[in-house]
Amino acid sequence: MRRTLIRYKAKPEMAEKNAALVSAVFAELKAAKPDGVRYLTLRLEDDTFIHVVETAAEDGSSPIPKLAAFQAFQDGIRDRCAEPPLVRSAVIVGNYRMLDEP
């Protein structure tokens with residue numbers, strides 16, 4: 001399993017649009033039901049968004065970028081951000097019933 005955390009802050013006037021685009025990604029994921037991927041997005045009160053992606057592929061590849069809704073989300077992401085996306089690998093230090101464990 002490979003886990004990635006992406007964090008960015010949306011411009012206040014773009015935060016709702018960003019949230020709607022993220023919601024569309026989740027709707028497409030629910031419809032497509034791709035295997036080998038888990039995805040969570042949080043929105044903090046200051047319009048910071050945190051995405052956590054877990055992929056089963058050893059190379060870290062994910063079906064998410066192939067989704068039309070994700071491509072729409074990616075289009076203009078930098079224009080919606082007050083702070084650009086920061087991508088980091090993540091390791092679970094503790095987990096209590098939040099994430100499934102193999």
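How many residues lie between E2 and E3 in the hairpin that they form? The hairpin has four residues between the two strands, and Asp-47 in the turn has a positive phi of about 70°. Strands (E, at least two residues) and helices (H or I, at least four) are DSSP runs numbered from the N terminus. The structure is a predicted model, in which local features need pLDDT of at least 70 and side-chain atom pairs count only at pLDDT 80 or more, while totals for chains, interfaces and linings use all residues. Residues are numbered from 1 along each chain as its sequence is written, and side-chain values use heavy atoms, with hydrogens and water left out.

Strand E2 covers residues 37-43 and strand E3 residues 48-55; they pair in the antiparallel sense over seven bridges. Pairing requires that DSSP finds at least two bridges between two strands. Within this pair, Thr-41 has His-51 in E3 as its bridge partner.

The search of the whole structure for salt bridges gave six. A salt bridge is defined as a side-chain nitrogen of Lys or Arg within 4 Å of a carboxyl oxygen of Asp or Glu. One of them joins Glu-83 to Arg-7, with the closest N and O atoms 3.0 Å apart. Because Glu-83 lies in strand E4 (residues 81-89) and Arg-7 in strand E1, the pair ties together parts that are 76 residues apart in sequence. Glu-83 has a relative accessible area of 32% and is therefore partly exposed; the term applies between the limits for buried (under 20%) and exposed (over 50%), with a 1.4 Å probe and protein chains only.

Arg-7 itself lies in strand E1, residues 2-10, and is partly exposed at 31% relative accessibility. Beyond its neighbours within four places in sequence, Arg-7 is in contact with residues including Thr-48, Phe-49 and Ile-50, as well as Glu-83. Contact here means heavy atoms within 4.5 Å.

A further salt bridge joins Asp-46 to Lys-9, the closest N and O atoms being 4.0 Å apart. Asp-46 is in the loop between E2 and E3 and Lys-9 in strand E1, so this pair ties together parts 37 residues apart in sequence. Asp-46 is partly exposed at 37% relative accessible area, and Lys-9 is partly exposed at 25%.

Arg-43 and Glu-16 also meet through their side chains in a salt bridge of 3.0 Å, N to O. This pair links strand E2, which holds Arg-43, with helix H1 (residues 15-32), which holds Glu-16, across 27 residues. Arg-43 is partly exposed at 36%, whereas Glu-16 is exposed at 56%. Finally, a network of salt bridges links Arg-3, Arg-38 and Glu-54.
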